[in-house]
Amino acid sequence: MAVLIEPLLTRKVDTARLLKMIIIHDLVEAEAKDISALDVLRNPEIKIKKAEDEKRAIENLRVALIETNGNEIYDLFYEFEHKETYEAKVANALDKLEVQLQHNHADFSTWEEIEYEMSFMMDKHVLFDETLSELKRQIEMEAEEKMKSSGVDTERVRSKASVANHG
């Protein structure tokens, strides 16, 4: 996604740095046993365990690679986590959008009601860039169409998601 969207972003991006952040983030999640956003919503205490597991995983990587690029990998992971740079914000946005995109392609019978709202909760991840906001809008529209075709009252779902986003 990063390679395809890079020329469309509203600002120039350091593509190598962006790709490194994305890969490192996924590598840490693989070692830490990624926990889904759905599980975190069901049990917010899981978020603490997820952070602890990821901290341990990135420390392990840093130590294992200390002679080469362990510190760079460590720094890029936390740059992604803190979302302080444009590349980190883009990486984080793509991480969130990609999950929803995959979700949209799953059979609707696998969706849980809580996931309906999650389809409309990506604004905070993309508002900094028009291109990412448009991509979010298209992914959201796809989710909404899927819900409507299955008889879901999407206005009610949007309303609940809005309260969750701002409440």
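## Overall build

Of the 167 residues in the chain, 40% are buried. The model is a predicted one. The chain holds 10 helices and zero strands.

Along the principal axes, the C-alpha atoms fill a box of roughly 55 × 35 × 30 Å.

## Contacts and surface

How much of the contact set joins residues 24 or more positions apart? Among contacts with a separation of 6 or more, such pairs account for 68%.

The accessible surface of the chain is about 9,900 Å². Carbon and sulfur atoms contribute 54% of that surface.

## Salt bridges within helices

The count of salt bridges comes to 17. One of them joins the side chains of Arg42 and Asp39, with 3.0 Å from N to O. Both residues sit in helix α3, which covers residues 37–42. They are three residues apart, so about one helical turn separates them. Arg42 has 43% relative accessibility and therefore counts as partly exposed. Asp39 is also partly exposed, because its relative accessibility is 30%.

Helix α4 spans residues 45–64 and contains both Glu54 and Lys50. These two are four residues apart, about one turn of the helix. Their side chains meet in a salt bridge at 3.1 Å, N to O.

Arg62 and Glu59 form another salt bridge, with an N to O distance of 3.3 Å. This pair also lies in helix α4. Arg62 is partly exposed, with a relative accessible area of 22%. Glu59 is partly exposed as well, at 26%.

Other charged residues are linked through shared partners. Salt bridges join Asp123, Lys136, Glu140, Glu144, Lys148 and Arg158 into one network.

## Asp129, a buried charge

Where does Asp129 sit? Its place is in the loop between α8 (123–126) and α9 (130–149). Asp129 is buried, yet it has no salt bridge. Which side chain of opposite charge is nearest to Asp129? That side chain is Arg11, and it is 7.2 Å away. A salt bridge needs the charged atoms within 4 Å.

Asp129 does have a polar partner in the backbone. A polar atom of its side chain lies 3.0 Å from the backbone nitrogen of Leu132. Setting aside residues up to four places away in sequence, Asp129 touches Leu9, Thr10, Arg11 and Tyr86. Arg11 is thus in the list of residues that Asp129 touches, although no salt bridge is made by Asp129.

Notes. Residues are numbered from 1 along each chain as its sequence is written. This is a predicted model: local features need pLDDT of at least 70, side-chain atom pairs count only at pLDDT 80 or more; totals for chains, interfaces and linings use all residues. Side-chain values use heavy atoms; hydrogens and water are left out. Buried means under 20% relative accessible area, exposed over 50%, partly exposed in between (1.4 Å probe, protein chains only). Lys and Arg count as positive and Asp and Glu as negative; His and the chain ends are not counted. A polar contact is a pair of N or O atoms within 3.5 Å; within protein, one must be able to donate a hydrogen and the other to accept it, and residues adjacent in sequence count only if both atoms are side-chain atoms. Contact means heavy atoms within 4.5 Å. Accessible areas come from the Shrake-Rupley method with a 1.4 Å probe; for residues, only the protein chains shown count as cover.
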